[in-house]
Each structure stands twice: as C-alpha cells, then as structure tokens.
Amino acid sequence: MVIIDGLAVFPEGDDKKPAILFVHGFPFDHFMWDAQIAELKQNYYCIGYDLRGLGKSEVGNGQFTIEMFVDDIISILNTLHVKKAVICGLSMGGYIALRAIEREPERFNGLILLDTKADADDNANKIRRAAAVKHILTNGSAGYVKAFVPNTMPDSSVKKLGTGYTGMIERLILASPVGIAGCQLAMAARTDTNDLLLNISMPTLVMCGEYDSLSPVFHMRAMAGKIRNAEFVVIKDAGHMTPLEQPEMVSSIISTFLNGLFLSK
Ligand code: MLT
C-alpha cells in the first residue's frame with residue numbers, strides 16, 4: 001500500500017503495462033476488486049484504492065464532492081506516473097468515473113461501468129440521502145451498513161458468499177460515520193452525466209447484474225445504448241455487487257475487453 005494525498009492506494013502488477021484504475025462502490029473499499037485484480041495483474045498495472053472517507057483512506061471533515069474524488073484520481077495517476085488509464089467504476093465509482101472522463105478525457109483510454117447510472121439524484125433520492133446522513137451521524141455506521149448492504153444483492157448471493165458475507169459486513173461496519181455520511185452528500189450533489197454519454201468515443205464496457213435493484217438492467221441497457229459502440233453485458237445470478245457476487249465471470253469479461261484493447265495490437 002502507498003499513501004497518496006491521504007488515500008490508501010494499492011498498485012499491483014508491472015507499471016510498464018497498460019494501467020487500469022478501479023473505483024469501488026459505496027460503502028465498500030478496494031477489496032471489492034480483489035478477484036479481478038488477482039487475475040488482471042498478470043497483464044495490466046492494476047490500481048485499486050480506497051475512496052476518501054472509506055477503507056483506510058483519510059476521512060478529514062467529510063465534506064466531500066465528486067469533484068474532489070476526481071481530483072484524487074488525477075493525483076493518484078500523476079503520482080504513479082500514469083499518463084492514461086482505463087477507468088473501471090461500480091455504482092458510486094461509476095458516478096466518479098463518468099465525471100472523471102467528462103472533466104479529464106485525455107487521461108483515460110477506456111471505460112468500464114458496472115451497476116451505475118448517469119442520472120443525478122431526483123428529489124426523492126436527495127431526501128432519502130438526507131435521512132441516511134442524519135441516521136448515520138446520530139447512530140453510527142453499523143446499523144446503517146447492516147440495513148443497506150442486503151439491498152445490494154439477492155439472498156442467493158448472500159448464501160453463496162457465506163462467511164465471506166459476514167466477514168464483509170464486519171469490515172464495512174468499521175467505516176467512519178463522517179466518511180460514509182460525506183459520501184452520501186457527495187452523491188446527492190453529483191451532476192447528471194447523460195449528455196456526456198452521447199459524446200463518449202473511447203472503448204466502453206457496461207455490465208449490470210441480472211437482479212440489480214439499484215441500477216436495474218432496463219436502465220443500464222438504455223444507458224449503454226447512448227454510448228457509441230459500448231458493449232453491454234448482463235451478469236446472471238447477481239445483483240448490484242457483480243464483482244463480489246460473480247467474481248470469475250466479471251474478471252473474465254473485463255479481461256476479454258482489455259485484451260481486445262491492448263493485447264491484440
Ligand atoms: C453504491 O453502490 O455505490 C451506492 O448504492 C450508490 C448510490 O447510493 O447511489
């Protein structure tokens with residue numbers, strides 16, 4: 001692990017190989033990509049990190065914005081001397097990835113989106129997040145995390161993960177209340193990136209879990225349809241946390257996509 005501007009960053013593989021930056025979902029941390037990075041690091045320079053406020057990264061005052069998360073990405077790439085990377089983001093990580101390529105297009109040469117949206121929050125979602133922030137800051141992280149995480153995957157995935165699921169909850173309840181409340185505020189204030197979709201020309205892979213209830217298949221299919229030549233894949237027997245629920249399948253689809261970009265040339 002290296003610390004860059006207070007962020008815990010986990011580069012793996014050969015830094016001479018094409019770089020892939022992994023941006024995890026809320027309220028998870030870099031471990032979400034462990035299976036994918038274990039496979040992809042043979043051929044790629046894989047950079048996982050913990051978003052500010054989560055995992056082992058600095059929390060600070062918790063006043064986060066998506067712009068700050070994009071600043072963090074640029075700072076990681078600069079510090080690791082990576083000129084261009086493929087950016088791979090899930091859910092909140094996807095919100096950040098979309099804004100990153102909108103703001104800093106010259107730093108990215110491919111886009112992988114999983115279980116995410118380009119829409120900003122509507123009023124109902126903003127109010128739901130405000131209630132979550134109040135709850136988290138009043139009662140701490142544990143109750144919120146225990147109630148939230150089951151919404152991200154079907155019972156079949158919870159059963160399949162077994163002790164891995166309980167271990168994951170034990171890890172996530174340690175998240176700082178200020179950190180997770182800050183992420184909720186950043187998401188509530190994010191911009192809409194639908195216009196960007198029509199202008200994306202870099203190679204793009206979009207994936208969605210068959211049972212994702214937070215960013216459902218019909219929604220993601222329409223989103224992928226706005227991106228020129230995007231490849232869209234539905235991951236069977238998975239909800240919103242596809243890399244954890246179907247690790248081998250997700251790794252193999254990402255690997256095929258990246259090999260098509262880099263190894264066939
Ligand atoms: C996530 O999985 O990152 C979050 O559920 C996204 C959100 O709350 O909008």
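A polar side-chain atom of His-240 lies 2.8 Å from an oxygen atom of the ligand, a polar contact in the sense of a pair of N or O atoms within 3.5 Å. The model is predicted: local features need pLDDT of at least 70, side-chain atom pairs count only at pLDDT 80 or more, and totals for chains, interfaces and linings use all residues. Residues are numbered from 1 along each chain as its sequence is written, and side-chain values use heavy atoms, with hydrogens and water left out.

An N or O atom in the side chain of Arg-129 is 2.7 Å from a ligand oxygen. Phe-26 contributes through its backbone, with a polar atom 2.8 Å from an oxygen of the ligand. Taken alone, the ligand exposes 270 Å², of which the protein buries 94% (Shrake-Rupley method, 1.4 Å probe).

The residues around the ligand (one heavy atom within 4 Å) are Gly-25, Phe-26, Ser-91, Met-92, Tyr-95, Arg-129, Phe-148, Met-187, Leu-214, His-240 and Met-241. By class, this shell holds seven nonpolar, three polar and one charged residues. Here Ala, Val, Leu, Ile, Met, Phe, Trp, Tyr, Cys and Pro count as nonpolar, Asp, Glu, Lys and Arg as charged, and the others, Gly among them, as polar.

The space taken by the ligand is the largest pocket. A pocket is an open set of points on a 1 Å grid over the protein atoms alone, where a 1.4 Å probe fits, with protein on both sides within 12 Å along at least five of seven lines. A molecule sits in a pocket if more than half of its atoms lie within 2 Å of its grid points.

Phe-26 also takes part in a cis peptide bond, joined to Pro-27 with omega about -5°. Pro-27 is in the loop between β3 (19-23) and α1. Helices (H or I, at least four residues) and strands (E, at least two) are DSSP runs, numbered from the N terminus. His-81 is not a glycine, yet has a positive phi of about 60°. His-81 lies in the loop between α2 (66-79) and β5 (85-90).

The count of salt bridges is 13 (side-chain nitrogen of Lys or Arg within 4 Å of a carboxyl oxygen of Asp or Glu).

Conventions: A polar contact is a pair of N or O atoms within 3.5 Å; within protein, one must be able to donate a hydrogen and the other to accept it, and residues adjacent in sequence count only if both atoms are side-chain atoms. On a 1 Å grid over the protein atoms alone, a cavity is a set of points where a 1.4 Å probe fits but cannot get out, and a pocket is an open set with protein on both sides within 12 Å along at least five of seven lines; lining residues have an atom within 4 Å of a point.
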